[in-house]
Amino acid sequence: MKLLIFAGSTRQLSFNRRLAHATAALARERGAEVTHIELADFDIPMYNADLEARGTPPDVMRLKRLMFEHPAWIICTPEYNASYPALVKNTLDWVSSPVKSDPDWTDGFKATRGKVVGVLSASPGALGGLRSQSHLAPLLLNLMCWLAPQNFALGRAGDAFDADGRLLNDFAVKNVQAVIDQVLWAAERLAPAT
Ligand code: FNR
């Protein structure tokens with residue numbers, strides 16, 4: 001199963017980037033064919049319909065194609081003010097915007113419809129960014145994704161990783177594995193062929 005993993009932070013020492021990295025390693029152990037991307041590698045401006053009218057940015061198209069090609073995704077989101085960051089919203093808004101000039105991409109939800117998505121979060125706080133997940137869920141449903149009910153929020157993330165970025169705590173590992181397993185299981189059954 002092809003699994004796309006990304007974090008909703010571009011910060012150098014981001015906990016969510018580290019969680020995405022650890023999740024990718026665990027998913028590979030589970031036999032998934034993992035594509036781990038960094039949103040920092042995509043040159044995506046703040047959404048503006050005037051800008052879009054001059055042409056959808058090439059990196060938006062690159063991300064659309066990547067998302068389309070992967071039946072299963074895991075998103076590791078930070079929590080900003082009890083919700084998810086603008087980076088995540090902006091990225092998903094671009095991805096779901098129809099490309100009127102390209103007959104292959106006039107369907108705005110082509111890249112997202114039917115994808116099985118697992119959500120993880122990490123925060124230095126005790127709740128681990130759990131509240132960001134409750135806001136991200138309706139956005140993903142609007143994009144026609146299947147949302148895996150299994151989730152995990154990594155609290156006290158400053159103490160959660162070793163120097164090599166591995167999760168220190170067995171409880172965290174088991175919970176991340178449970179999300180991976182459910183996403184892979186559900187994607188086999190629910191996600192459309194690409
Ligand atoms: C935060 N942070 C934060 N943390 C949290 O648990 N709940 C919250 O509501 C917020 N709110 C918030 C707002 C803003 C504007 C910022 C910049 C930060 C702290 C946040 O969890 C922390 O900076 C994480 O380290 C961000 O994730 P990454 O970049 O480490 O992945």
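Biologist: Why does isoleucine 44 count as partly exposed?

Modeller: This is a predicted model, and the call rests on a count of neighbours. Isoleucine 44 has 18 C-beta neighbours inside 10 Å. Buried needs 20 or more, and exposed needs 12 or fewer. The count of 18 falls in between, so isoleucine 44 is partly exposed.

Biologist: Where is isoleucine 44, and which residues does isoleucine 44 touch?

Modeller: Isoleucine 44 sits in the loop between β2 (33-37) and α2 (49-53). Leaving out residues up to four places away in sequence, isoleucine 44 touches Pro57, Asp59, Val60, Asn90, Thr91 and Trp94. Leucine 87 is 43 residues apart from isoleucine 44 in sequence. In space the two are 9.5 Å apart, C-alpha to C-alpha.

Biologist: Lysine 2 and leucine 87: how many residues apart in sequence, and what distance in space?

Modeller: They are 85 residues apart in sequence and 24 Å apart in space, C-alpha to C-alpha. Lysine 2 lies in strand β1 (residues 2-7). Its contacts, not counting residues up to four places away in sequence, are Glu33, Thr35, Glu69, His70, Pro71 and Ala72.

Biologist: What makes lysine 2 partly exposed?

Modeller: Lysine 2 has 16 other C-beta atoms within 10 Å. That value lies between the limits of 12 and 20, so lysine 2 is partly exposed.

Biologist: Why is asparagine 81 called exposed?

Modeller: Asparagine 81 has 9 other C-beta atoms within 10 Å. The cut-off for exposed is 12 or fewer, so asparagine 81 is exposed. Asparagine 81 lies in the loop between β3 (72-77) and α4 (86-95).

Biologist: What is the phi of asparagine 81 near?

Modeller: The phi of asparagine 81 is near 50°, a positive value in a residue other than glycine. Most residues other than glycine have a negative phi. Arginine 156 is also not a glycine, and has a positive phi of about 50°. Arginine 156 is in the loop between β6 (152-154) and α6.

Biologist: Why is arginine 156 called partly exposed?

Modeller: Arginine 156 has 15 other C-beta atoms within 10 Å.

Biologist: How do you know that the chain agrees with a compact globule?

Modeller: The radius of gyration is set against a rule for chain length. For 194 residues, a compact globule would have a value near 16 Å. The chain has 16 Å, so the two agree. The C-alpha atoms fill a box of roughly 50 × 35 × 25 Å, taken along the principal axes. Of the 194 residues, 41% count as buried.

Biologist: How many helices and strands does the chain have, and what pattern does the chain follow?

Modeller: The chain has six helices and six strands. Along the sequence, the pattern is β-α-β-α-α-β-α-β-α-β-β-α.

Biologist: At what angle do the axes of α1 and α6 cross?

Modeller: The axes of helix α1 (residues 15-29) and helix α6 (residues 170-190) cross at roughly 65° and come within 10 Å. Ala22, Thr23, Leu26 and Ala27 of α1 make the contact with Val173, Val176, Gln177 and Ile180 of α6. By class, this contact has six nonpolar, two polar and no charged residues.

Biologist: Which residues come nearest to the ligand?

Modeller: Of the 16 residues around the ligand, Ser14, Asn16, Pro78, Ser123 and Gly125 come nearest. The shell has seven nonpolar, seven polar and two charged residues.

Methods: Residues numbered from 1 in each chain as written. Predicted model: local features only at pLDDT ≥ 70, side-chain atom pairs only at ≥ 80, totals over all residues. Near = placed C-beta within 6 Å. Nonpolar A, V, L, I, M, F, W, Y, C, P; charged D, E, K, R; others polar. Axes fitted to C-alpha atoms, helices over the stretch in contact; angles between N-to-C directions. Helix = DSSP H or I, 4+ residues; strand = E, 2+ residues; numbered from the N terminus. Contact = placed C-beta atoms within 7 Å. Rg over C-alpha atoms; globule rule 2.2 N^0.38 Å.
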